[in-house]
Amino acid sequence: MSETKTEPGTEVQLQQRLSLLNGVTMIIGNIIGSGIFLTPKGVQLECGSPGLSLIVWALSGVLSLVGAICYAELGTTIVKSGASYSYIMEAFGPLLGFVRMWLSVLIIEPTVQAAIAITFADYLIKPFFPNCPAPFLAVRLLAAACCLFIIAMNCVSVRIATRIQDFFSYAKIVALFVIIIAGAVTYGKHGTTVGSFGDPWAGTTLTPGTLAIAMYSGLYSYAGWDTLNFMVEELKNPYKNLPLSIYISLPLCTVIYLLANVAYYAVLTPEELVSADAVALVFADKTLGTWAPIMSIFVAMSTFGALNSSFYASSRLFYVAAREGHLPKYFAMVSPEHMTPIPSLFLTGGLTLVYLCVENVFDLINFYSFMYWLTVGLAIAGQIYLRFKAPEMPRPIKFSLFWPFLFVLLCVFLVGIPYFTETRDSLIGTAILATGFPLYFYFIYGNGKYMANCFRGLSARCTQFLQKLLPVVPETIDVGL
């Protein structure tokens, strides 16, 4: 069977096309976005010294690996795409599963994707506006064009999407190696006479409060380790390739992050690092000479790859949610020609385009961290609960309960911090979360027994119209009939 044409007699469903290499590049591509190039200053600002900052970066990587191995067990026990949505559904039922999905539709996925697209556009266009900010409209239009291109490629072919991901994951690793090599060369020439290693522990502020916020910033930079769990149904041999992808990608990202930060400190002083809006660009100005503008291109390429993997993952989340009846059934349909979930890709892409119209979209990202760690913590709490509720479930991979208990405590800590540091945003986020409960009871509970008949009729008519407009069918339908 070809990639873009389905033969008669073939069931219409998402195929297992993702290899181990694709799994690794999906995770790396989502973890390494723009943060390591732009804002490692958050950790430095709270730690006060390069030495403590590097310890926090390493510890954040180790703790992220703990969360990832918990997800490896969950993903091989509950072999369903959708990541935390599917795990919460299995452990705690449809109400909390719906609320998890509602957060993704309303805030988590579209705001993050819009922010990534804007960052891509801003840094791609930056070389043309070296001495002033790029025009607002130009940045947003370029961001929209980027989104439309990625969505189109994901609709046409899974193979194209994975090849895009592979290429841009390699590109961002190359970009970070450029930074690492440039830092090593500078250290070789000047030693500790430049940069921060003359006294790496100067300015250390080791208090529980500052260390907590530094860890929060560090762990946020590793977010994305759960990417492959969103698409595990499409992974070849998931019992083997899901954990292997995690075991390869998380240590690799941790080592690269550490070496990149060592390179930054070899060239920049703590004061320069904290004051820089885009650390990698300041670093490039000091080390790459006339080649410095290429760093903007590297940042743009890194964000492009992160956006591709994010669209791929979020579309699978919406696809699974629709399959479970938590979104209109249209979004659980598949193109019989391309074997891709085109409706759910249009949904995640359309929501992202809407948020591109919001001028202060970056302010909405403040709600993301709170909600992200809440849903991850609830999913891993579900792992603990299922160990006691359903001990008979097949578990090809089984870790000590110490690790999920540790990570749940970490998530409680990460959810609690914003209530003290960003109280207003956290309360707003809590209110947004609460809106999911009445929506569930009106539209979903008891197969929608409280929902007005006019909504049922409207949903059916819209589905029929959209199917005529864009031929898609429910999964597992024999197209040869």
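How many cavities of 30 Å³ or more does the count come to? I found one, taking a cavity as a set of points on a 1 Å grid over the protein atoms alone where a 1.4 Å probe fits but cannot get out. I note that this is a predicted model, in which local features need pLDDT of at least 70 and side-chain atom pairs count only at pLDDT 80 or more, while totals for chains, interfaces and linings use all residues. Residues are numbered from 1 along each chain as its sequence is written, and side-chain values use heavy atoms, with hydrogens and water left out.

The largest cavity holds about 60 Å³ of space, and among the residues that line it I listed Glu73, Thr77, Gln383, Arg387 and Arg395. Helix H4 (50-77) and helix H16 (366-389) each give two or more residues to this lining.

I then turned to the second largest pocket, with a volume of about 780 Å³; a pocket is an open set with protein on both sides within 12 Å along at least five of seven lines, and lining residues have an atom within 4 Å of a point. Of its 25 lining residues, the closest to the centre are Gly325, Leu327, Pro328, Phe443 and Ile444. Helix H19 (436-448) gives the most to the lining, with eight residues.

Last, I looked up helix H6 (94-125) and helix H13 (residues 294-323), whose axes come within 8 Å and cross at roughly 160 degrees. H6 and H13 are therefore roughly antiparallel, a word that applies to angles over 145 degrees.

Definitions and conventions:
Points joined across faces, edges and corners; volume = space filled by probe spheres on them. Helix = DSSP H or I, 4+ residues; strand = E, 2+ residues; numbered from the N terminus. Axes fitted to C-alpha atoms, helices over the stretch in contact; angles between N-to-C directions. Parallel < 35°, antiparallel > 145°, perpendicular 65-115°, else oblique.
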